[in-house]
Amino acid sequence: MAEQAPQQKTIAENRRARYDYFLEDHIEAGIQLLGTEIKALRDGRANIAESYVAVEGRELVLVNADIPPYKMANRFNHEPRRHRKLLLHRRQIDKMASAVQRDGRTIIPVRLYLNESGKAKLEIALAKGKKNHDKREATADRDWQRDKARLLKERG
C-alpha cells in the first residue's frame, strides 16, 4: 500500500517572501493563540503577507499577522494584529536570534497551516534580502521556464 502524505490545511501563505528574500533555514514553529484566534484560523481567515518575526528578550514573536475577529464570538474577542509568541526549543530560538543580530538576517513567516492533528503551525525561515538585480534575474528565469514549457508542450 502507498503511504498517504500527512494532511495539512494551508491557511495563509506569504508568496511575496520568495520574491523579496533568499530563504535559507526553514523551521516549523507553534503559535500561542487564544480560543477565538484558533476558531478564526479553522475558518481559513488569516493574512501573514506583511508580517515578520521579531526577537523580544529571549523569545520570538510574530508581529503584524492579521487574524480577523471570530464572527461568532462575543465581547471577549481577540485583537486582530496583536503580537503572538512562537513556540520553539531554546536552541532554535538562540540560533535564530544570533543569526538576526550577528549576520543581519530577517526571520520571515512563509506559511501558516493546520497540521494533521489540527494544531496551528507557522513555517518560518531565516532570510537574506534580495537586491533589485536579483529580483529581475528571478523574474527572467521564471519567464524562461514558462516559455520553455510552452514550447515543449507545442512540439511534443
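Guide: Aspartate 20 and lysine 135 are both buried, a term that stands for under 20% relative accessible area, with exposed set at over 50% and partly exposed in between (1.4 Å probe, protein chains only). The model is a predicted one, in which local features need pLDDT of at least 70 and side-chain atom pairs count only at pLDDT 80 or more, while totals for chains, interfaces and linings use all residues. Residues are numbered from 1 along each chain as its sequence is written, and side-chain values use heavy atoms, with hydrogens and water left out.

Visitor: What makes the contact of aspartate 20 with lysine 135 a salt bridge?
Guide: The term requires a side-chain nitrogen of Lys or Arg within 4 Å of a carboxyl oxygen of Asp or Glu. Here the N to O distance is 3.3 Å, so the pair qualifies. Aspartate 20 belongs to helix H1 (residues 16-20) and lysine 135 to helix H4 (residues 132-155), 115 residues apart; helices (H or I, at least four residues) and strands (E, at least two) are DSSP runs, numbered from the N terminus. Arg16 joins Asp20 and Lys135 in a network of salt bridges.

Visitor: Why is arginine 84 called buried?
Guide: Its relative accessible area is 0%, which is under 20%, and therefore arginine 84 is buried. Glutamate 37, also at 0%, is buried by that criterion.

Visitor: How do you know that arginine 84 forms a salt bridge with glutamate 37?
Guide: Their closest N and O atoms are 3.0 Å apart, within the 4 Å limit, so the term applies. Because arginine 84 lies in strand S5 (residues 84-87) and glutamate 37 in helix H2 (residues 35-42), the pair ties together parts 47 residues apart in sequence.

Visitor: Why does lysine 85 count as partly exposed?
Guide: Its relative accessibility is 30%, between the 20% and 50% limits, so it is partly exposed. Glutamate 59, at 32%, is therefore partly exposed as well. The side chains of glutamate 59 and lysine 85 meet in a salt bridge at 3.4 Å, N to O.
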